[in-house]
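I opened the model to see what its parts are and how they sit together. My entries follow in the order in which I looked things up.

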Amino acid sequence: MPSTSRTERTIYFIGRLLVRCFYRVNAIGLENLPSRGFLLVPNHISWVDALVLQLACPRPIRYVIDQQYYHKPILHPILRALGCIPISIRHSHAAVRAAAERIADGENRLRFPEGQLERRGVLLRLHRGYELIRAHANAQVVPVWLDQLWGSIFSFQGGRFFTKFPKAHPLPRHDRVWQNA
């Protein structure tokens with residue numbers, strides 16, 4: 001399993017502190033994570049989904065992200081330090097190949113299959129890029145459902161980001177009991 005750099009650990013530490021200011025994370029089903037590299041495919045509710053997922057996951061997650069965000073001057077050094085792979089519609093083959101190789105080497109990769117943030121709080125149509133990564137890496141896909149993030153200041157509820165107050169601070173923890181019928 002790949003190790004993390006000091007820079008990466010520092011970024012994760014700061015990100016965890018920020019996320020804990022706004023959210024209480026309760027992860028269910030961590031015992032089902034594969035022992036080798038896998039591909040996480042979560043729904044995409046807010047701007048902090050990746051941080052929340054990293055807080056919930058006991059192992060480092062590295063991301064396959066849209067190239068337009070990867071090359072933003074303020075984000076690029078951070079995303080490069082985190083080992084993100086940029087992907088675009090025009091140059092998706094190289095990104096799919098790179099992600100598949102890294103998963104085969106034992107890394108855990110994340111790709112939001114919706115391709116964008118949810119604007120109405122409902123799951124959008126899934127793009128098929130994650131299927132190509134899975135096929136090339138012969139890796140397991142771990143579907144993830146992010147819940148209770150709609151309505152936070154980082155979601156698009158009310159038609160805007162960042163300029164609203166959350167419903168509660170920090171958002172309440174909702175422990176769930178799963179029952180088999």
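**Entry 1: helix 5**

I looked up which residues of helix 5 are buried, and I found Ala-95, Val-96, Ala-98, Ala-99, Ala-100 and Ile-103. Buried means under 20% relative accessible area, exposed means over 50%, and partly exposed is in between, with a 1.4 Å probe and protein chains only. Helices (H or I, at least four residues) and strands (E, at least two) are DSSP runs, numbered from the N terminus.

I note that this is a predicted model, in which local features need pLDDT of at least 70 and side-chain atom pairs count only at pLDDT 80 or more, while totals for chains, interfaces and linings use all residues. Residues are numbered from 1 along each chain as its sequence is written, and side-chain values use heavy atoms, with hydrogens and water left out.

What covers the buried residues of helix 5? I found that the cover includes strand 1 (38-42), strand 2 (62-66), strand 3, strand 4 (109-110) and helix 6. Contact here means heavy atoms within 4.5 Å.

I also checked the length of helix 5 (residues 92-104). The expected span of a helix is 1.5 Å times one less than its number of residues. For the 13 residues of helix 5 this should be 18 Å, and the end C-alpha atoms are 18 Å apart, which agrees. Just after helix 5, Gly-106 has a positive phi of about 105°.

**Entry 2: the whole chain**

I counted six helices and five strands in the chain. From the N terminus on, the elements run α-β-α-β-α-α-β-α-β-α-β. Of the 181 residues, 40% are buried. Among contacts between residues at least 6 apart in sequence, 70% join residues at least 24 apart.

Two strands pair if DSSP finds at least two bridges between them.

I then went through the pairs. Strand 2 is joined to strand 3 by three bridges, and Asp-66 has Ile-87 of strand 3 as its bridge partner. Strand 2 is joined to strand 4 by two bridges, with Leu-110 of strand 4 as the partner of Tyr-63. Two bridges also join strand 1 to strand 4, and there Leu-110 is the bridge partner of Leu-40. Strand 1 and strand 5 share five bridges, and Leu-39 stands opposite Val-141 in strand 5.

**Entry 3: helices on the sheet**

**Entry 5**

Why is strand 1 largely enclosed by the rest of the structure? Five of its five residues are buried, so I wrote it down as enclosed. In a regular strand the side chains alternate between the two faces of the sheet. In strand 1, Phe-38, Leu-40 and Pro-42 are buried on one side, and Leu-39 and Val-41 are buried on the other.

Strand 2 is mostly covered, with four of its five residues buried. Arg-62 lies in strand 2, and at 6% relative accessibility Arg-62 counts as buried.

**Entry 4: Asn-138**

I found Asn-138 in the loop between helix 6 and strand 5. Is Asn-138 buried or exposed? At 68% relative accessibility, it counts as exposed. Most residues other than glycine have a negative phi. Asn-138 is not a glycine, yet its phi is positive, about 50°.

**Entry 5: confidence**

I looked up the pLDDT, the predictor's confidence in each residue, from 0 to 100. The chain averages 77, and 78% of the residues score at least 70. Over residues 174-181 the pLDDT is below 50, and this stretch has eight contacts in the model beyond near neighbours in sequence. Where pLDDT is low, the predicted coordinates should not be read in detail.
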